[in-house]
Amino acid sequence: MPPKPASSKPKGDYIETDTGNKVARRSQLYGTQNIILGGRTTIQPEVCIRGDLVRAAPPKDPKDPKSGASANTSVMVGRYTFVSTGSILRPPHRLHKGTVSYHPLKIGDHTFIGERCIIEAASIGDHVYIGKGAVLGKMVIVKDWVKVLEGAVVAAGTVVPSGCVVGGRPARVVGEVGDGWGMHEGMEGGDMRELWRSVG
Amino acid sequence: MTARPSVTSRISTSRSLGPHIQSDSTTLISASTAFTGTQPISLGPNVIIQLRARMTSAYGPINISENCLISERASIGLLSPPAPTQAEGEPTGVNLAPGVVIESGATVEATCIGAYTIIEAGAKVGKGAAIGEHCKVCAMVQLGEGAVVGDGMVVYGSGWGERRSEQGRQELEGMRRKAVTEQIEVLRRCWTGK
């Protein structure tokens, strides 16, 4: 029998953590100490997560109670969220009171991010489906149950209300998601457990 | 992974590997940047090149002025031979004026890009293009070969893009300059702790 390190190495392209996150060996994670994966999250190969872009100074905004707790976190990804190959997750920055500060990027649960997306949003809600090649600009807020169509360019600072379908360049609201959105396993925006299980 | 010779040991060898890179002591280059080609690449002071950017000088030199910011996975330099019709005295290769920001995944083959212009994520600028000062090429816009964009324009939308001129340009110029220098400062502090 071969020694243990040798047998475990060719096992798969994914590393599975204690909380069930499946992270591809060929993903490019930077500043890993600032990245929080919520558990059972899938990160596919060639995904780039810029955790090193963290807010340097302590939070100056007293109105946001959560900002204190997340001062040293740059990317937070929720449970059963799936990040497809080639995507870039990058915390947004903005010019605020004369200085540039990076803001944490929060992604909710059961969210699907398609291939080659560039995400610089401030927050993305639960059960969101982002089609491949979409670009979410800086400080975009996407609420729950949203579908972003393929190749959409969501302009910087946009707030996408919940239950919307957005698409186009620049992205506009083009419709609403149906009643069953987020309810069915394996559907867009639906439960992602099966997809997580099928990986690695 | 096999041990690669360090940068210093590579310089000491007589065989030239890759392009000749001229840079300043204040230039920050990520270790994962890919420099390819044979023609010279010059990087000005305070230039920051982020992770996995590609600099290709196979078909023309690259000249990046001070205070430029190149984001991850951006590709700078001509990817195919330049048009044979080009006159002698014309600038060749890729020239970036001071304060140009190239965002993630953008491909830049333009001959010249004016000062404080922003090329947003995933945009493509074809070879021979000339872009003016204080412009913005929005995300995923593809500007074709030889495209000319005047000063202070915003190019957005799909394909070749719609254009509109920036409103209130006078105030914006100062803002852009401040935003770029601050961004470079913050990144430098992030990376070097200084």
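User: Which side chain does B:Glu103 meet in a salt bridge?

Analyst: In this predicted model, the partner of B:Glu103 is A:Lys138, with a distance of 2.6 Å from N to O.

User: How many salt bridges are there between chain A and chain B?

Analyst: The count between the two chains is three. Over all chains, a search of the whole structure finds twelve.

User: What does B:Glu72 pair with?

Analyst: B:Glu72 forms a salt bridge with A:Arg50 at 2.8 Å, N to O. This pair crosses between chains, from the loop between strands S8 (69–70) and S9 of chain B to strand S6 of chain A. A:Arg90 also forms a salt bridge with B:Glu72, and there the closest N and O atoms are 2.7 Å apart. That pair crosses between chains as well, with A:Arg90 in the loop between strand S9 (88–89) and S10 of chain A.

User: Is B:Glu72 buried or exposed?

Analyst: B:Glu72 counts as buried because its relative accessibility is 0%, under the 20% limit. A:Arg50 is buried too, at 0%, and A:Arg90 is buried with a relative accessible area of 4%.

User: Which residues are linked in a network of salt bridges?

Analyst: The network links A:Arg50, A:Asp52, A:Arg90, A:Glu120 and A:Lys138 with B:Glu72 and B:Glu103.

User: What about A:Glu194, what does it form a salt bridge with?

Analyst: Its partner is A:Arg197, and the closest N and O atoms are 3.1 Å apart. A:Glu194 is partly exposed at 42% relative accessible area, and A:Arg197 is partly exposed at 46%.

User: Back to the interface. How many residues are in contact, and what area do the chains bury?

Analyst: 27 residues of chain A are in contact with 26 residues of chain B. Between them the chains bury about 2100 Å², of which 58% is on carbon and sulfur atoms. A:Leu95, A:Val100 and A:Arg169 lose the most area on the chain A side, together 24% of what that side buries.

User: Changing topic: in what order do the seven strands of the open sheet in chain B run?

Analyst: The order is S1-S4-S7-S10-S13-S16-S19, with parallel pairing. S1 (21–22) and S19 (148–149) stand at the edges with a single partner strand each, so one side of each has no neighbour in the sheet. Within the sheet, S13 (residues 112–113) and S16 (residues 130–131) pair over two bridges, and B:Ile113 stands opposite B:Ile131.

User: And how many bridges join S3 to S6 in chain B?

Analyst: Four bridges join S3 (residues 34–37) of chain B to S6 (residues 54–57), and the strands run parallel. B:Gly37 stands opposite B:Ser57 there. S6(B) is also joined to S9 (residues 75–76) by two bridges, again parallel, and B:Met55 has B:Ile76 as its bridge partner.

User: Where is B:Arg176 placed?

Analyst: B:Arg176 lies in helix H2 (residues 169–192) of chain B and is buried, at 10% relative accessible area. The C-alpha atoms of B:Arg176 and B:Ile76 are separated by 22 Å.

Key: Residues numbered from 1 in each chain as written. Chains lettered and ligands numbered in written order. Predicted model: local features only at pLDDT ≥ 70, side-chain atom pairs only at ≥ 80, totals over all residues. Heavy atoms only, no water. Contact = heavy atoms within 4.5 Å. Buried area = accessible area lost by both parts, 1.4 Å probe. Salt bridge = Lys/Arg side-chain N within 4 Å of Asp/Glu carboxyl O. Pairing = 2+ DSSP bridges. Buried < 20%, exposed > 50% of the residue type's maximum accessible area, 1.4 Å probe, protein only.
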